[in-house]
Amino acid sequence: MKKLHQEKIICIGGHPHLNGGISSVVKAYVAAYTRGNYHFNFVPMRTTLYKHGSKFQNSLVFISAFSHLFLELLFSRRIKILHIHSSANLSFLREGLLLCLGHGLHRKTILHLHSSQFDQFFLESRGGARFFIRYTFARADIIVVLCKNWQMKLQSEYPEYADKIRVIYNPILLTSAQSLLPLPDRKGYNILCLGFLIPSKGIRDLIVVARQCADKHPHWNFHLAGIGELQMEVEQAAAELSNFHYHGWADSAHKEQLFRNSDIFFLPSYNEGMPISILEAMCFGLPFVSTAISGIPEITDGDERIGKLLPPGDIGGFIQALEYFENLCVREDIHDRIRNRVKRFDAKNIFHEVAQLYEELNPAAKVHLS
């Protein structure tokens with residue numbers, strides 16, 4: 001709900017009505033803002049249609065957003081802060097231009113980094129990309145990363161900006177999911193994976209695990225939902241393997257059904273930030289098996305009863321971890337532990353941390369929790 005005559009924060013680079021990790025974060029922020037009592041207006045602005053639009057359509061959306069933002073910054077003094085969410089590559093170029101626009105027109109800026117390609121882009125880029133990263137970092141008042149692992153890496157690589165790099169974990173909405181129980185008529189041992197069907201998500205490893213377990217664990221059922229470049233391989237695996245089920249893209253209602261019908265979540269990624277999908281699974285009391293990369297170890301906080309983490313590509317280790325959690329008594333014993341841990345990522349608490357950054361940059365944006 002807009003509050004007239006109050007300072008405005010523009011949240012750029014994701015939208016509650018779009019899919020994807022950044023949009024999930026913005027959606028959670030909007031929900032927490034709406035339920036709270038904050039002395040500012042929080043306004044999302046999309047700069048792309050994400051995977052729902054063509055390159056031409058996304059270009060038009062960005063040009064429109066840039067033009068609209070330029071005019072608003074030029075004629076409205078109520079806009080005090082731009083909170084800009086960015087991934088890597090083209091996303092960083094696009095959002096970086098908007099950040100430089102805001103800086104040039106004397107607004108405070110927060111650069112919020114989300115990319116699963118974090119190391120490859122922000123740490124290993126050279127030439128023009130490296131120059132633009134430094135140029136953009138220099139113009140950001142605060143740089144937000146998703147985990148302490150990224151913070152340490154970025155401070156080491158860009159020591160001149162170390163003081164402005166902060167950690168804000170990804171948020172998750174707990175209210176609707178916390179009270180949902182698993183479906184009572186589940187059969188077998190149901191293993192769920194959600195994500196884009198790309199190599200870095202470990203989709204091929206998921207298929208290998210399912211193939212190796214077909215004879216040894218005939219009651220195991222692997223469920224995968226998502227879209228992406230590996231869709232044909234996934235569909236072929238689903239046709240060949242009786243224990244491998246592909247569900248296409250899952251909307252919110254379908255996703256909830258999949259979580260409730262599952263016993264464990266499995267994400268064998270090679271590159272991640274802090275996966276929203278793992279936090280969503282934890283809301284339903286599901287343990288998880290994943291990889292020990294980026295912010296994922298910070299989700300478990302060292303508690304292997306919440307999730308077991310292996311090196312990327314460790315097929316044997318994945319199978320052993322899934323076998324461990326197959327024990328029903330083990331899973332029932334840890335449901336409450338998982339739900340208690342995921343409260344650390346409650347959108348209400350996370351957005352309060354974000355709002356404190358706003359107040360730091362602009363004292364008029366006071367933080368009040370209802």
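Helix α7 (residues 203–216) and helix α8 (residues 231–240) pack at an angle of about 10 degrees, their axes 11 Å apart. The two helices are therefore roughly parallel to each other, a label given to angles under 35 degrees, with over 145 counted as roughly antiparallel, 65 to 115 as roughly perpendicular and the rest as oblique. Axes are lines fitted to C-alpha atoms, for helices over the stretch in contact, and angles run from 0 to 180 degrees between N-to-C directions. Helices (H or I, at least four residues) and strands (E, at least two) are DSSP runs, numbered from the N terminus. On the α7 side, I203, R204, I207 and R211 meet E233, V234, A237 and E240 of α8; contact means heavy atoms within 4.5 Å. By class, this contact has four nonpolar, no polar and four charged residues. Ala, Val, Leu, Ile, Met, Phe, Trp, Tyr, Cys and Pro count as nonpolar, Asp, Glu, Lys and Arg as charged, and the others, Gly among them, as polar.

The model is predicted: local features need pLDDT of at least 70, side-chain atom pairs count only at pLDDT 80 or more, and totals for chains, interfaces and linings use all residues. Residues are numbered from 1 along each chain as its sequence is written, and side-chain values use heavy atoms, with hydrogens and water left out.

Two strands pair if DSSP finds at least two bridges between them. Three bridges join β8 (residues 220–225) to β9, and L224 has Y246 as its bridge partner in β9. Three bridges also join β10 to β11, where F266 is partnered by V289. In β11, F288 and S290 point one way, V289 and T291 the other, and all are buried, that is, under 20% relative accessible area, against over 50% for exposed and partly exposed in between (1.4 Å probe, protein chains only).

Another open sheet is formed by six strands, paired in parallel, in the order β2-β1-β3-β4-β5-β6. Its edges are β2 (41–45) and β6 (165–167), each with a single partner strand, so one side of each is left without a neighbour in the sheet. Here too the twist averages 25 degrees from one strand to the next. Five bridges join β1 (residues 8–12) to β3 (residues 79–86). I12 pairs with I84 of β3. Helix α3 (residues 90–104) packs on the sheet and touches β1, β3 and β4 (108–113), its direction making about 165 degrees with that of β3.

The largest nonpolar core holds 120 residues, of which F137 and L154 touch the most other members. Such a core is a set of buried Ala, Val, Leu, Ile, Met, Phe, Trp, Tyr and Cys residues joined through side-chain atoms within 4.5 Å. Helix α14 (residues 347–361) supplies the largest share, eight residues. Beyond four places in sequence, L154 touches residues including L113, F118, F137 and I165.

C147 is found in the loop between β5 (142–145) and α6 (148–157). It is buried, with a relative accessible area of 0%. Beyond four places in sequence, C147 touches V167, Y169, M274, S294, G295 and E298.
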